[in-house]
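Here are some notes to read beside the structure. Take them one at a time and find each part as you go.

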Amino acid sequence: MQPSFSVKMIDRYNMKKTFFITQSNIIRKHAVTRNDKVEFNNEIFINFASFIKSLYKKEAISYPKFYKMDNLSKLGFLGAEMLFKDNTFFDRYKKEDIGIVIMNSSSSLDTDLAYNETIIDKSNYFPSPSVFVYTLPNILIGEICIRHKIKGENAFIIADQFDPGMIIQSVRLLMDKEHAQVCICGWVEVLGDNFESALFLIEKEKSMNEDYTGEVLLPFTVECLTKLYQNN
Amino acid sequence: MKPVYIAGDNIITSLGFSTLDVIRQVEVGKTGFQKYYDRFLTPTSLPLSMIDTDLLTVSFRETLSCRHPEMDENHFTRLEKMFIVSIDDAIKEIKSDLNKADTLLVISSTKGNIDLLEEGKKDSFEPVRIFLWKLADMIGSFFGFVNRPLLISNACISGVLALSTASRMIEAGLYNHVVVAGGDILSEFVISGFLSFQALSPDPCKPFDIKRNGLSLGEGCGTIVLSSKLKNSNAITVSGSAISNDANHISGPSRTGEELAMAIGKALKEADLKHNDISFISAHGTATLYNDEMESKALSISGLQQTPMNSFKGYWGHTLGAAGVIESIATTHSMESNLLITSAGFNEIGVSVPINVISENLHVSVQHCLKIASGFGGCNAAIVFSKND
């Protein structure tokens, strides 16, 4: 194999052991990008609800529980589904070796505000347990785990903006010491109609990945995460 | 493994404002619940373990006058005051300078300043204060920590997860010291939500008891300083930890307890210990029917059904994002004093798998302890503490 861009990158960073971004996707109002290629452009944005429903249909997923999820879980769930598409992923890893680290800025505030609406007016007071359960950001991680029976390490971190350095630090804490063999990681943020998801699959071996055959494989570095995040 | 020592700590609950104040009450069986009544929330009164606002104000003013006499106390929310008072107490005996690049602050909270959504509080603070990262920034900048704080919000395992993450960071050589602080307050938001789940007990909670009937909520804040260099008198270390997910249900625990058992197994393996090396377990023990049942199954799978165990929630309730931190401190205190604490509210075993719930304070030599936690979203956490004297 010819030395590729990625090999030079690895040398340049001179890390102990480089991990690889083997799948990625960015979901924004105007476009959905998968593995750094535009999957589709969304010219007319109406609202989050119609956007997410059309993405669910485009991805041709059949999972009735999806409709019960809050907006944060819906967005992150679809991002995770796109990471696993066309992949032998689940044959290659034990369910307890898959880690999930997700970050965002507003935690579950989108649903917190919806829940608060049900208790703020004392003449119309109807707190709902099915809304309340989603007032925790890590419910999103739980939904992804339930879907694929993933039983490994979890962490939900709150930061004011997409922070590739923090993503790398959190994932390496899990993968360097074998707490996880592979990680789903990234950023899933929803507040009203403002939303953004950037999820990545991080693996130790690049040869494992079939989807990228013949293409440039990205090392798991701040530069590459930033590039993928910004190229949409 | 590079040792990760506990260098300082603090607990704030309804029972007191320092670890010793709280533990002294617990050792003599005192609990912190008071009846609370709000006609909008519930037709009957509820037992809650609330932190006294007047005492908090007095403590906070003291901290403020020492560290920032120029600041206005009204600039800080109730929860921020709790965190600041707790961290201040935990770090005051520490000789090393924590305001350097080798120190990180990790904050654990489930709902942060969620009370700012309430009418009447909304306008007292700028809107950005509702964000959890802002809560962490407010606390971090108060103490002048150089690195931006890390905020972990992972339901009821937040505190144990924060300790696990912090100890792994020290082990990886990223920092020499990590200050881990966990806290949550009780707001109308949280109380109404747990009520809507019908998860709250009308009487103070009774973990693992046959008559248990739901959880009791409490306010709490706790701080543990972890360090690769500094240590307390017994040189207690974090010797292993692991997190797992049930992958079963977002609001109900695993039916089998296998996944919590898996986290326990991994944590013990990392600590290089066998189940019979563990002298005491601090369980999550919320006193809901399903949680306690699941935990007892997990302990049984792990070979820990004979090991003395308790739930500290019978003393100060479920303190959410603080629970993992303050219950870990109480655990390490039992290691220092070789005194295992009665599980408050427990009379008769009420789980299908027999486990050894402590019904009377027990003097034994304690070398290694296990703290476990589980939460919504199916998450489980286990952490092992060891004495290195």
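This is a predicted model: local features need pLDDT of at least 70, side-chain atom pairs count only at pLDDT 80 or more; totals for chains, interfaces and linings use all residues.

1. Domain 1 of chain B puts 58 residues into the contact, and domain 2 of chain B puts in 55.

2. Which elements give two or more residues to the domain 1 side? They are strand 1 (5–12), helix 1 (19–27), helix 5 (158–171), strand 6 (177–184) and strand 7 (220–227) of chain B. Helix 5 of chain B gives the most, with eight residues.

3. Look at the classes on that side of domain 1 of chain B. There are 27 nonpolar, 23 polar and eight charged residues.

4. Now turn to helix 7 (residues 258–270) of chain B. Its 13 residues reach 18 Å from first C-alpha to last, close to the expected 18 Å. After helix 7 of chain B comes Asp272(B), with a positive phi near 60°.

5. Why is helix 7 of chain B described as largely enclosed by the rest of the structure? Because ten of its 13 residues are buried. Among them are Leu260(B), Met262(B), Ile264(B) and Leu268(B). Charged residues are on the buried list too, including Glu259(B), Lys266(B) and Glu270(B).

6. What covers the buried residues of helix 7 of chain B? The cover includes strand 8 (236–245), helix 8 (289–301), strand 13 (368–375) and strand 14 (379–387) of chain B.

Technical notes: Residues are numbered from 1 along each chain as its sequence is written. Chains are lettered from A and ligands numbered from 1 in the order in which they are written. Two residues are in contact if their C-beta atoms, placed from the backbone, lie within 7 Å. Helices (H or I, at least four residues) and strands (E, at least two) are DSSP runs, numbered from the N terminus. The expected span of a helix is 1.5 Å times one less than its number of residues. A residue is buried if 20 or more other C-beta atoms lie within 10 Å of its own, exposed if 12 or fewer, and partly exposed in between; C-beta atoms are placed from the backbone.
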